[in-house]
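This report describes one protein chain, beginning with a single residue and widening to the overall fold.

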Amino acid sequence: MTEQTRRAAHAVLIASGGMDSAVAAYVLRDRGTAVTMLSFDYGQRHRVELAYAAKIAELLDVPHEIVDLAGVGGLLGGSALTDHTVPVPDGHYSDETMRSTVVPNRNMIMLSVAAGVAVSRNADCVAYGAHAGDHAVYPDCRPEFYRQVDLAIRAGNDGFLAAGFRLEAPFLEVTKADIVRRGQALGVPFSLTWSCYKGGIVHCGTCGTCVERREAFALAGLDDPTEYAAAAGPEAVA
Ligand SMILES: [Zn+2]
């Protein structure tokens, strides 16, 4: 699905604290859609991202809720993001090695909660920031998943959804570089977004999502305001 023209009145947006969901928040606001940002604490190693989501919500002056799923995260062993015995791999975001960063069923879990919140608050949209670069490694970011979840939300909430309800993934077929360009045009403060899977004080610069972040700014031809601990490696385009 590409960006739609008819605007939603109220969107519940899954907001990680990263660039994609931050740009999605600005896109929705630009359309005149009221936004509620929903972030998830699932015991992720890079939990620091939640504070960045809060900063974006504060800037936009929109409600921000953090859903406590830390107990669930503890059950999702085997992923480098929730299991501290599994190291975060370095390399390119689309590498096969990034499979260890997949959190089992993550988007299904988050979208399920977000759909419940949307029904509860009579919001006519649930939005999330999956993009084309996610497709290779993360099955729950692919168009097929989007279509099935859209159907499942409709079936599971038949008679309870706000009129005109839709699931929105505005960047589903959009590259990360194009998301950065779009965000730049909308004035998104990228320095107030967090990508690094390792957490820490500054971005590591070498994990998959750091490499992808660097690459996106380079491909977009824009200055990257991010402070990285390590210089760009051979994987980066810069
Ligand atoms: Zn990193």
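Ala9 lies in the segment that precedes strand S1 (10-14); helices (H or I, at least four residues) and strands (E, at least two) are DSSP runs, numbered from the N terminus. The model is predicted, so local features need pLDDT of at least 70, side-chain atom pairs count only at pLDDT 80 or more, and totals for chains, interfaces and linings use all residues. Residues are numbered from 1 along each chain as its sequence is written.

Ala9 counts as partly exposed because it has 14 C-beta neighbours inside 10 Å. By definition, a residue is buried if 20 or more other C-beta atoms lie within 10 Å of its own, exposed if 12 or fewer, and partly exposed in between, with C-beta atoms placed from the backbone. Apart from neighbours within four places in sequence, Ala9 is in contact (C-beta atoms, placed from the backbone, within 7 Å) with Thr33, Ala34 and Asp124. The C-alpha atoms of Ala9 and Ala123 are 7.3 Å from each other, although 114 residues separate the two along the chain.

Ala11 is one of the residues with the most contacts inside the largest nonpolar core, which has 64 residues. Such a core is a set of buried Ala, Val, Leu, Ile, Met, Phe, Trp, Tyr and Cys residues joined through C-beta atoms within 7 Å. Beyond neighbours within four places in sequence, the contacts of Ala11 include Leu28, Val35 and Cys125.

The strand pairings (at least two DSSP bridges between two strands) are as follows.

| Strands | Bridges | Direction |
|---|---|---|
| S1 and S2 (residues 34-41) | Five bridges | parallel |
| S2 and S3 (residues 64-68) | Five bridges | parallel |

In S2, Ala34 is the bridge partner of His10. From S1 the chain passes through H1 to S2 in a right-handed β-α-β crossover; right-handed denotes that, with the strands pointing away from the viewer, the path from the first strand over the helix to the second runs clockwise. Phe40 has Val67 as its bridge partner in S3. The crossover from S2 through helix H2 (residues 49-60) to S3 is a right-handed β-α-β crossover.

The protein chain contains seven helices and five strands. Its radius of gyration, taken over C-alpha atoms, is 17 Å, close to the 18 Å of the globule rule for 238 residues, so the chain is as compact as a globular protein of that length. That rule is 2.2 Å times the number of residues to the power 0.38. Of the 238 residues, 44% count as buried.

Note on methods: Two residues are in contact if their C-beta atoms, placed from the backbone, lie within 7 Å.
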